[in-house]
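Here's a quick briefing to read alongside the sequence and the model.

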Amino acid sequence: DGAPVEQDARKIWRLFASHYPLFRGTPTRTWLDHAFATVFGIEERLTPESADRLFDRINVDTSRVEHIRDKVEIVEGDFTNEADTSAAVKGVDVVYHLISTTLPATSNQNPAYDVETNVVGTLRMLDAARASGVKKIVYASSGGTIYGPAKTNPIPEDHPTDPYSSYGVQKLTIEKYLAIYGRLHGLKWVSLRPSNPYGERQDPA
């Protein structure tokens, strides 16, 4: 619905997640991605007044977040593991969901894996979030792959969606499920369709 979650005098827990999920928090809690956090300077918003949690893959290289290690609680886990995801969203108020286990260029090689890890994984996370009292989901969809070939240029937000890759299909599918959870359960959500991000400390690979 796009409505912001108001911050109050309490700390806010925000969960940052992707291949490198970063959970940032306070007694109002959230989800965002390590890569996005370092690229867009979100770490500048980490303050002593907030209780922040970084959820990352097991044994992943965390060197790019060394400069904020004293500001976050680092938790290792697996997005496809229901227990890990449930523990990650517990007590969280807002989830910034930037996870994707596949890439546009290779997702068509194994669509079943794409769906099992991204769509099913997200549905389990949404159920866990709802059970934990999460107030809002902010989802990073795709600014290009969900649209397919451009019929107009520049591409408007309401451009027809005709994805060519499994990656684009799963991104669009997750948007639709967010709408369903909003209607059925009153879960607030907003979907972002960014283009390729870049910035300080991004991985050149």
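Along the sequence, the protein runs β-β-β-α-β-β-α-β-α-β-α-β, which comes to four helices and eight strands (DSSP runs numbered from the N terminus: H or I of at least four residues for helices, E of at least two for strands). It's a predicted model, where local features need pLDDT of at least 70, side-chain atom pairs count only at pLDDT 80 or more, and totals for chains, interfaces and linings use all residues. Residues are numbered from 1 along each chain as its sequence is written, and side-chain values use heavy atoms, with hydrogens and water left out.

**Whole protein**
- Buried residues (under 20% relative accessible area, 1.4 Å probe, protein chains only) make up 44% of the 205 residues.
- Among contacts (heavy atoms within 4.5 Å) between residues at least 6 apart in sequence, 62% join residues at least 24 apart.

**Helix H4**
- H4 covers residues 166-185, 20 residues in total.
- Its buried residues include Tyr 167, Leu 172, Ile 174, Leu 178 and Tyr 181.
- The buried residues of H4 pack against helix H3 (111-132) and strands E7 (136-140) and E8 (188-192).

**H2 against H3**
- The axes of H2 (residues 82-89) and H3 come within 9 Å and cross at roughly 40° (lines fitted to C-alpha atoms over the stretch in contact, with angles from 0 to 180 degrees between N-to-C directions).
- On the H2 side, the contact uses Glu 82, Thr 85, Ser 86 and Val 89, while H3 brings Arg 124, Met 125, Ala 128, Ala 129 and Ser 132.

Key: The expected span of a helix is 1.5 Å times one less than its number of residues. Buried means under 20% relative accessible area, exposed over 50%, partly exposed in between (1.4 Å probe, protein chains only).
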